[in-house]
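Subject: Structure handover

Dear colleague,

Here is the structure, with the sequence alongside. My notes on what was found follow below.

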Amino acid sequence: MDHKDIERISALSRVKLSEEEKEMFLEDMISFAGFAEELSGLDPDKIPAYSDHINVSFMREDSAKTRYTREDMLKNAPALSIDWSMIPVPKVL
Amino acid sequence: MTLKTISEKLAVKELSPVELVAEALDKAEKDGFGCYISTVDRDRALKSAVESEDRYISKKPLSPLDGIPFAVKDNILVSGMRMTCGSRMLEDFTAPYDASAVKRLTDAGCVVIGKTNLDEFGMGSSTENSAFFPTRNPRYPDRVPGGSSGGSAAAVSAGHVPFALGSDTGGSVRQPAAFCGICGLKPTYGSVSRYGLTGFASSLDVIGILADDPEGCSTVYDIISGKDEFDATSHDLNDAEAIPRTFAVCEELYSAADEDQRRAVDECSVILQELGFRRVSVSLSSIQYSIPAYYIISSAEASSNLARFDGIRYGKRHEEASDSTDDLVSKSRGEYLGIEVKRRTLLGCYALSAGQREDWYQKAMTARKMIAADFASAFKNCGIIIAPTAPSVPPVAGRTNIPPVEIYRSDIMTVPASLAGIPAVSIPFETQDHLPTGVQIMSSKDGDKELLSVSQKIYSMRKDS
């Protein structure tokens, strides 16, 4: 684990970090890696036969319901165009 | 006054919903412990109380809890109220609908009076990680109230409301209940709908209940539990078999706690034997993997769940110009998410990244299955398992420079039940120095009702009851 790893995860998780935060989180991640080492002896191929909600996929009918209006759902968007039809973002092209 | 006493007094008109709600609102408005991030509009609450009073006059109360005020952790939606999750990211978010648990309670006549403080997005165990202010422990003011549902626990402990809703991902209802001298229920996973609860770690999150006694938790649980069409993981309680009258002390957790906590467990053991329970031994050796497994799984799920707070779909947007959408998202999240949330987001993202997934995430899932299997096997030999709720008494408030990994380790008592999805109740005890502690009572899945019934008997037989 080094600075490059922190920068890679920062980019992957879309969280901009200050230089001070990068140092702090590097130290934390190294410390956590030691912690995760406690699982190193486990073999995922030898999963116990027991299973319950951890392994279950929960599916339901894909049926449309209109409990709320579009306006209700967009009220919390941080920015909207004047006619509420679009959420503005920086230009891509 | 317990919830049952209040309910009985309402039924015979010794108490009035209007007086009850007005008193709760007064207390919440004068709150000196930092319990609330926001309180309800007074007129809205009193209007509901008047309607409830009319129902009592016409002898048609909606439920035993009609007219009773309650508080809601601020990561659960209450229509028309702000919901911040204790984060600057959601400072301006207004809930567009009620969470199912809240709706069931308001449909039963209960009245929301406020949204309570929490560690940001539920990540923490002291309620000092709120982006706004810390909550203080009403009964032990120099100590933390626990977390992350510290605001809800404090509101009940201070006597503002007879019960409150919290959420429990790895102990966030049980540990603050123990620290504030009250009871807390973490229900069986899926027995209470998560619809309207802001997701932290979806395979672990449950809405829980904080009240003075287990009987109070049970009455609320009757109302909020059961299948909900808006949460596919929710279910009606299966007909649980009667809890066998045997119990075990989880030795792995008992030995990891300090002397005060062990003494409380010893007292609870004596009470159980007086109640006719026979003590047996069980092995839960996989519990040794709980903490790394919990932090890897919960952080991995959090890194996915919290991706929606990007300044575009939800959350505050970085004000300055950005070069690209990615840049805008990164800056918004960098600016408005707190340190602990960033730490776990990075940790979760790393755990799921190429190369690391096999080493960390899959092994954590293996550990989780081993823990669930160990509990299932143990419950073939005993009805309930008891353990301390926390490894020590509440720490003093304002501690700094504690390494995160050390703080994470203090969750050891509560995360095993979360990983296994089983119900657990924390019952308050006191140390010899009159500091708060708690004993956690666990049973097999869907045994919540009987677990609460046994817990009530234990609660009534404590030395300090």
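A:Arg14 and B:Asp326 make a salt bridge, with their closest N and O atoms 2.9 Å apart; a salt bridge here is a side-chain nitrogen of Lys or Arg within 4 Å of a carboxyl oxygen of Asp or Glu. This is a predicted model, in which local features need pLDDT of at least 70 and side-chain atom pairs count only at pLDDT 80 or more, while totals for chains, interfaces and linings use all residues. Residues are numbered from 1 along each chain as its sequence is written, chains are lettered from A and ligands numbered from 1 in the order in which they are written, and side-chain values use heavy atoms, with hydrogens and water left out.

The interface

Across the interface of chain A and chain B the rule finds four salt bridges. It also finds eleven residue pairs in polar contact there, both residues being at pLDDT 80 or more. A polar contact is a pair of N or O atoms within 3.5 Å; within protein, one must be able to donate a hydrogen and the other to accept it, and residues adjacent in sequence count only if both atoms are side-chain atoms.

On the side of chain A that touches chain B, helix H1 (3-12), helix H2 (19-36) and helix H3 (70-74) of chain A each supply at least two residues. H2(A) gives the most, with ten residues. Helices (H or I, at least four residues) and strands (E, at least two) are DSSP runs, numbered from the N terminus. By class, that side of chain A has 30 nonpolar, seven polar and 13 charged residues. For these classes, Ala, Val, Leu, Ile, Met, Phe, Trp, Tyr, Cys and Pro count as nonpolar, Asp, Glu, Lys and Arg as charged, and the others, Gly among them, as polar.

In total, 50 residues of chain A are in contact with 66 residues of chain B, contact meaning heavy atoms within 4.5 Å. The area buried between the two chains is about 5,100 Å², and carbon and sulfur atoms give 70% of that. Buried area is the accessible area (1.4 Å probe) that two parts lose on being put together, summed over both.

A network of salt bridges links A:Asp28, B:Glu340, B:Arg343 and B:Arg344.

Salt bridges within chain B

Over all chains, a search of the whole structure finds 30 salt bridges. One of them joins B:Glu23 to B:Lys27, with the closest N and O atoms 3.1 Å apart. Both residues lie in helix H2 (residues 17-29) of chain B, four residues apart, which is about one turn of the helix. B:Glu23 is partly exposed at 41% relative accessibility, as is B:Lys27 at 31%. Buried means under 20% relative accessible area, exposed over 50%, and partly exposed in between (1.4 Å probe, protein chains only).

B:Arg42 and B:Glu29 also meet in a salt bridge (3.2 Å, N to O). B:Arg42 lies in helix H3 (residues 42-57) of chain B and B:Glu29 in helix H2 of chain B, so this pair ties together parts 13 residues apart in sequence.

B:Lys316 pairs with B:Glu91, the closest N and O atoms being 2.9 Å apart.

A buried lysine

B:Lys115 lies in strand S3 (residues 111-116) of chain B. B:Lys115 is buried, with a relative accessible area of 0%. Its side chain makes a polar contact of 2.9 Å with the side chain of B:Asp74, and a polar atom of the B:Lys115 side chain lies 2.9 Å from the backbone oxygen of B:Ile76.

Nonpolar cores

The largest nonpolar core has 80 residues, and those with the most contacts inside it are B:Phe163, B:Leu165 and B:Ile458. A second, separate core of 77 residues includes B:Ala201, B:Leu346, B:Met365 and B:Ala372. A nonpolar core is a set of buried Ala, Val, Leu, Ile, Met, Phe, Trp, Tyr and Cys residues joined through side-chain atoms within 4.5 Å.

Regards
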